[in-house]
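Have your viewer ready and try each task before reading its solution.

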Amino acid sequence: MKLQGLSPEALILLRLALVVLSAALSYWLTRHLLVRFIHRLAERSRTDVDDLLVKYGVFSALAYLVPLSVLYYGARFVPPLAGFLTKLVEILLAPAVALIITRSLSVILELYHRLPLARRHPIRGYIQILKFLVWISAGIVAVCALLNRSPWVLLSGLGALSAVLLLIFRNTLLSFVASIQIIGQDLIRIGDWIEAPQFGADGEVIEMTLYNVLVQNWDKTIVSIPTYRLMEESFKNWRGMERAGGRRIKRHILVDQTSVRFLEGELLERLRRVHLLRDYLENKLREIEEYNRRLGIDTAASPLNGRRLTNLGTFRIYIEEYLKAHPLIRKDMTLMVRQLQPTPEGLPLEVYCFVADTRWVPYEKVQADIFDHILAAAPEFEVRIFQKPTGFDLKEALSGGSPGFRKDSAAADPDPRSSPPRG
């Protein structure tokens, strides 16, 4: 029924205004009444899924469907503009549905992160790819609805722009391939300790996305590494160490080579009373004595005749026995004390073993305790640890107070253990 005094154009505008006002009113009622009511119900419920739906705004996104429905069905009341309103709804419906889907994917990702499997197989990169594809699809559908063309026509036209698209989405494609490699080959997990010096990264992986990997360094700084760059460059993952249950000690001390001597006399007798060396020395001395006697070697004629023990070799065996007796050193993993290539600073004596506790602080404590003991035990073997002279050493040398420096070369050494014979 036509209203009196209104022209057909005015009547169309009035009906259009009523339809638009109805759509706006329906959105306001839905968003501020129905959605809030649903949020309150979610707060009172015992499940977590509805809380996540509220957190990521899924219900708020669903509210956009109500005014779009009002516009779609109200278009019949404005026949001259029915086609325009229907087309507008079709265009707006694509991003609205895409928003609902992407927010629902965020809920799925949050639920997946609560599973133990999430640390081994993160899917954040895949979810981001799905979101990207959803928005691309929504854009294509909206453009096709605007142009009144089939989506396949638009997609076929994009083939000519493939080179440009590859250039624009180069980083996305590279990151996508890199994410598949990382997840498929289980190279990195959330919580892994990785080390990539070229990126300034040395810490724990806290997040993995399509485009980057976030690493929190031990100094609490955060480094963002592009995913594809991480695969192009090398990095070290310490997960194998944690899985093996042993963290390696590979550190050496420098021994003054002039302090190396044959083990005999009072030094030998003193070391025979050491608990960790008692069995070794008894067996080794018996073996050497039998060897020299069997070959008829006169060991009294020269120190170079036959086989003999040295203070450094015995010191090395003592360190090995000390490590074997240590409760926090793995006995089923490699354990040895070896000599490295001599250097101008001295002879490196390297400790190579594994600590049973892989945590950083306990590991450092065990390592420090071991080397504290080694440094303290070295003088008992008359083995000198090399250290470059300091100002204090020079001052003591000039005053004649340092055991390592003699003011008078002919003076007797008051402590033979601090400056052993050089032969």
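The exercises below work through a predicted model.

**Exercise 1.** Find which residues touch the most other members of the largest nonpolar core.

*Solution.* Start with the core itself: it has 35 residues, and F315, L323 and I370 touch the most other members. Next, see where the residues come from: β6, α13, α14, α15, β8 and α16 each supply at least two. The top contributor is α15, with 7 residues. Now zoom in on I370: leaving out residues up to four places away in sequence, I370 touches I249, Y322, L323, H326 and I329. Finally, there's a second, separate core of 13 residues, with I182, A196, A201 and L230 among them.

**Exercise 2.** Work out how far D50 is from the nearest side chain of opposite charge.

*Solution.* First place D50: it sits in helix α2, residues 49–55. D50 is buried but has no salt bridge. Beyond four places in sequence, D50 contacts A42, S45 and F59.

**Exercise 3.** Compare two salt bridges: are the partners buried or exposed?

*Solution.* Take R189 and D186: their closest N and O atoms are 2.6 Å apart, and both residues are buried. Then take E289 and R293, which pair up at 3.9 Å, N to O. These two sit 4 residues apart in helix α14, about one turn. E289 counts as exposed because its relative accessible area is 51%, and R293 is exposed too, at 56%.

Note on methods:
Residues numbered from 1 in each chain as written. Predicted model: local features only at pLDDT ≥ 70, side-chain atom pairs only at ≥ 80, totals over all residues. Heavy atoms only, no water. Core = buried A, V, L, I, M, F, W, Y, C linked by side-chain atoms within 4.5 Å. Buried < 20%, exposed > 50% of the residue type's maximum accessible area, 1.4 Å probe, protein only. Contact = heavy atoms within 4.5 Å. Lys, Arg positive; Asp, Glu negative; His and termini not counted. Salt bridge = Lys/Arg side-chain N within 4 Å of Asp/Glu carboxyl O.
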